[in-house]
Amino acid sequence: MAQPAPNNSIFDGLNESQRRAVTSAADTVAILAGPGSGKTQTLTARVVWLIDHVGYHPQDIVVATFTVKAAREMKERIGKSLGDGRETKIILGTFHSIARRYLAAYGRLIGLNEKFGIADDSDSRAIIVRICKRLQLQVDPAHARAWISKKKAKGTEMPSRVVKKEPKKTPQLEELETCYREYQKHLESSNLLDYDDLLVRCAELLRKFPACVSNIQAVLVDEYQDTNGIQYDLMKLFAQQHRRITIVGDPDQSIYGWRSAEIGNLWKLLREFRATEEVSLEQNYRSSEFILNLSLQVIEQDTKRYKKSLKPVHNKGTRPVLRRLISPDAEADWIISEIRRIIMMSGSMITHNDVAILIRSAYLSRHIESSLGKAGISYRMVGGLKFYERAEIKTIIDYLRVIHQPENNDALARILNVPRRGVGDITIRGLLEEAETSGMSVWRRISQVDGPNDTPIGLVQIIEQLLSSLDFQRHLQTVHPEDHEQRWANVQEFVALAGDFVKELELKGDESLPEIEGIEQAKEVDVLPRFLANVALATDAQTGDDDQDSKPRVTISTIHAAKGLEWPVVFVPAVYDGSIPHSRSDDIDEERRLLYVAMTRAQSLLYLSYPVRPSSEANQNNEMSPFVSSISRSFAEKGPCLDRHVMKEIAKVLGRELPSDEKIFGALPPGFSTEDNLFPVDPEHVRGLQWDGQGDVFNGPRAKRPRIHGPGMGKAAEEERPWQKDYLTTMEQASKFTISNLPGFISASAHQAALVAANAAAEAKRKEERAQKLRLPQQKSIMAFVKTGSEPAPPPAALASAGQTAPAGNAFSKKSSPGFQQLVAKQPQPVIQPDLASHKLGPKKMPTRPTVGHSTNDGSKGKAYPCFSSSPPRPDSEQNGNGISEAADDDEDDGPPPQPTRAAACLHATTCTTVPKGLGSSVFRRPAGLGRDSITPIEKLKKPFKPLTINKPGRGGKM
DNA sequence: TGGTACTCTGGGCTT
DNA sequence: CAGAGTACCA
């Protein structure tokens with residue numbers, strides 16, 4: 001990483017072993033790359049070499065990475081080297097996203113419904129919890145989930161182990177298997193694949209239909225030590241035509257064993273591919289010698305480890321620190337004081353951007369965040385709560401998922417009562433149970449709504465329509481009175497994100513798989529499913545790259561999310577037994593590697609620390625992590641002296657210029673402590689002193705700690721100022737999407753679904769209102785409604801045709817969910833079971849309020865329940881001479897379409913080359929601070945998102 | 001009494 | 001932020 005990037009020649013700046021790895025003519029190449037050895041650069045160069053020198057077509061190369069971030073970075077780098085945009089043809093992404101692409105294109109070959117959705121973690125968990133409850137299984141759902149995932153991740157090509165283990169059938173095992181079966185059944189009926197399924201099914205596909213990958217010349221895998229069994233299978237399957245594989249990895253950095261990563265995959269590869277050329281990259285370009293040596297001392301405690309060394313190219317540097325503090329709060333305060341000292345003593349050669357605080361568990365950030373906040377230091381949080389996991393965003397996503405897949409009971413269940421509709425958990429659970437036992441989707445039970453006609457619509461419009469029909473802003477205001485502005489801003493950011501996604505889709509075009517003769521590909525036309533897939537697969541770990549124009553920020557990150565990154569200054573707090581190694585960990589070696597990874601992120605200054613007590617008033621003690629206790633004497637017990645000599649060495653490692661002494665010392669405020677002496681080195685000895693958990697004990701009770709203002713932070717950044725949000729979380733960092741393709745509109749059917757869903761929501765709301773106002777006895781709950789179907793004053797017309805197949809010509813007959821499902825599936829399925837058809841759910845009384853989404857259209861002809869039908873899938877072209885249908889036909893160039901509708905013709909790729917009207921700035925309400933005009937969408941995505949200012953009127957938008 | 005809404009607490013890393 | 005437990009409503 002520290003090496004200069006090659007511009008002209010890919011060989012520039014490569015050392016000998018790197019060059020050997022890049023240009024190896026062996027079919028299989030295993031590159032063992034220690035931390036900071038330039039592995040990404042090497043892999044990138046090899047890809048370029050394969051294309052430019054060997055002559056493979058970009059579209060015949062698969063590059064699989066482990067994280068979205070790595071994929072993005074790799075693509076960028078390859079793009080820079082190739083310089084002509086060919087990198088977009090490379091099949092490059094995470095294993096999961098590549099698998100998804102293949103399944104979307106060829107899934108039907110193995111009987112997969114192409115409209116499959118992706119079950120994320122919470123989905124899986126919820127499903128399994130319900131199964132366990134329903135079947136009264138004794139197993140712990142979390143355990144069951146892990147067990148199932150492991151089973152899937154194992155892969156199929158391990159006959160030796162698999163065969164051996166089976167025979168023992170404990171009752172517990174049986175329960176697990178039952179759970180597994182039920183779980184798969186549920187996923188299938190919801191047309192969902194979980195993360196593991198993506199890999200498993202893709203492997204199945206490639207095994208049965210090798211032709212899909214017959215074009216593949218070479219397969220390259222990054223972070224190979226993190227691959228699990230199924231990914232190993234997948235790698236081989238991708239390469240089955242020519243068996244050319246390049247892997248890069250470092251067994252010492254394998255930290256995903258809990259996710260079934262198998263270090264053994266390396267030996268497996270070497271065994272299976274005898275002619276593999278092995279190349280070790282041992283030169284470390286990142287860290288000072290001291291840091292490397294101590295890191296090695298940690299990792300070498302693992303006796304089973306494959307021995308390899310790290311050769312420093314940099315100077316010795318300063319001794320890493322192992323600091324003991326009295327409490328977590330003191331630890332946080334000490335970190336801050338040390339950050340200040342470093343910045344001041346470097347004359348701002350080092351800024352906040354150069355500092356990372358790497359934590360074992362996300363919740364450890366609490367103390368640190370609040371201390372940073374109090375000190376007025378801005379920071380970004382990586383790997384914490386993700387954007388898509390925020391409640392308000394999740395809700396919208398769940399709505400979108402229901403729109404895409406009405407049969408997704410889980411998503412539906414989560415939104416049924418959000419915004420509040422007076423439907424409680426019990427009811428929802430009841431519905432789910434019923435659905436599960438009867439195998440029928442909840443949607444069918446509760447939905448029969450008036451949907452307007454088939455009006456195509458863009459992704460953004462769908463979301464906006466949802467927002468307005470749900471009155472989402474008000475919902476936020478009532479449910480989260482304190483921070484609804486922030487949440488609403490998040491929602492708007494989400495809208496902007498969706499818009500950017502659509503735009504990028506148009507701009508970048510094609511990430512589709514290369515055509516292969518003889519096999520037909522399903523083209524992904526709809527935006528919505530891909531948007532959702534992106535959301536599900538995006539982890540959005542944010543890199544430490546400094547955003548130029550925003551102010552310098554300290555990075556707080558989990559160690560896992562920090563892999564592959566580096567910082568001049570690294571703090572690793574909470575290095576105590578129970579945190580590292582984590583108390584719940586079952587693999588102590590992996591915990592050690594985790595610490596090793598954390599330590600090797602540091603270039604110049606490395607600080608470990610731990611609080612000797614879990615909190616200020618606790619009386620039990622934390623024990624120092626066993627990983628460092630035996631070598632604790634190799635650490636310094638407090639921060640190094642940062643004199644000119646030391647700083648110069650640091651400057652050399654970082655390749656920076658150190659300001660003059662005059663400058664540095666001139667900027668020091670009076671009373672500034674140039675040493676790390678504000679906190680006692682042995683905190684337990686001052687226990688008798690009055691310790692308030694905050695201040696400085698070392699210089700006597702209540703001694704005033706000299707406060708320093710960070711340079712460049714203006715003058716008095718005093719600690720008394722009201723705390724205000726001055727940090728970024730990963731999520732706020734707009735995600736960068738990996739997959740893009742094709743036209744900017746979702747299909748008519750999806751749109752249809754949108755409206756239906758929105759209407760369902762509105763309907764449910766009305767129900768609630770009615771329930772509250774009328775308090776009809778039968779309607780205590782939605783349950784009564786659903787179960788009995790009794791409803792006040794059902795319009796006869798509605799009842800009459802409910803569940804009946806309407807004549808095709810009557811597009812405006814009523815819709816019931818079976819018909820709706822057919823529409824969504826776009827293929828005739830015999831979904832209407834006779835008993836269901838006769839099962840009449842009471843239509844709702846139509847309120848006076850206009851139907852969602854068709855205020856501008858009169859197609860409903862004033863009928864209260866205009867579109868209640870179970871008509872078969874409608875052909876793409878409308879058949880009835882209704883005004884709206886015309887619009888749906890071919891008027892792409894017409895004047896502004898009636899908002900918010902959009903012509904169905906937009907489905908055609910050719911019509912989507914222009915930015916759709918309606919996606920213009922008027923639609924985007926970007927939160928303040930997010931760059932607007934001058935930046936390209938992609939760049940924009942990289943900009944941190946700044947929250948709205950508090951005073952901004954919360955109701956700027958629509959209601 | 002059945003059902004919904006509210007308060008509290010406790011956390012493992014992530015595709 | 002979810003799950004459990006409690007308070008409040010018909």
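**Entry 1, conventions.** I note that this is a predicted model, in which local features need pLDDT of at least 70 and side-chain atom pairs count only at pLDDT 80 or more, whereas totals for chains, interfaces and linings use all residues. Residues are numbered from 1 along each chain as its sequence is written, chains are lettered from A and ligands numbered from 1 in the order in which they are written, and side-chain values use heavy atoms, with hydrogens and water left out.

I looked up the "binding site" feature, for which the unreviewed UniProt entry lists Ala 33, Gly 34, Pro 35, Gly 36, Ser 37, Gly 38, Lys 39 and Thr 40. I placed Ala 33 in strand 1 (residues 28-33) and Gly 34 in the loop between strand 1 and helix 2 (39-54), where helices (H or I, at least four residues) and strands (E, at least two) are DSSP runs numbered from the N terminus. Ala 33 counts as buried because its relative accessibility is 0%, and Gly 34 counts as buried at 5%; buried means under 20% relative accessible area, exposed over 50% and partly exposed in between, with a 1.4 Å probe and protein chains only.

I then listed contacts (heavy atoms within 4.5 Å), not counting residues up to four places away in sequence: Ala 33 touches Lys 39, Val 248, Gly 249, Asp 250, Gln 253 and Leu 281, while Gly 34 touches Asp 250, Gln 253, Leu 281, Lys 308 and Leu 310.

I found 13 aromatic pairs in the structure, a pair being rings of Phe, Tyr and Trp (its six-membered ring) with centres within 6.5 Å, stacked if the planes are under 30 degrees apart, edge-to-face if over 60 and tilted for the rest. The rings of Tyr 388 and Phe 494 are edge-to-face because their planes stand at 80 degrees, with the centres 6.4 Å apart. This pair links distant parts of the chain, 106 residues apart, with Tyr 388 in the loop between strand 13 (379-382) and helix 15 (391-404) and Phe 494 in helix 21 (residues 484-508). Tyr 388 is buried at a relative accessible area of 8%, and Phe 494 is buried at 0%. I also recorded that both belong to one aromatic cluster with Phe 387, Phe 501 and Phe 531.

I noted the charged end of Lys 316 over the ring of Phe 290, 4.4 Å from its centre, the criterion being NZ of Lys or CZ of Arg within 6 Å of the ring centre and within 35 degrees of the ring normal.

Methods
UniProt positions are given in the numbering used here, feature names are shortened, and annotations may be inferred rather than shown by experiment.
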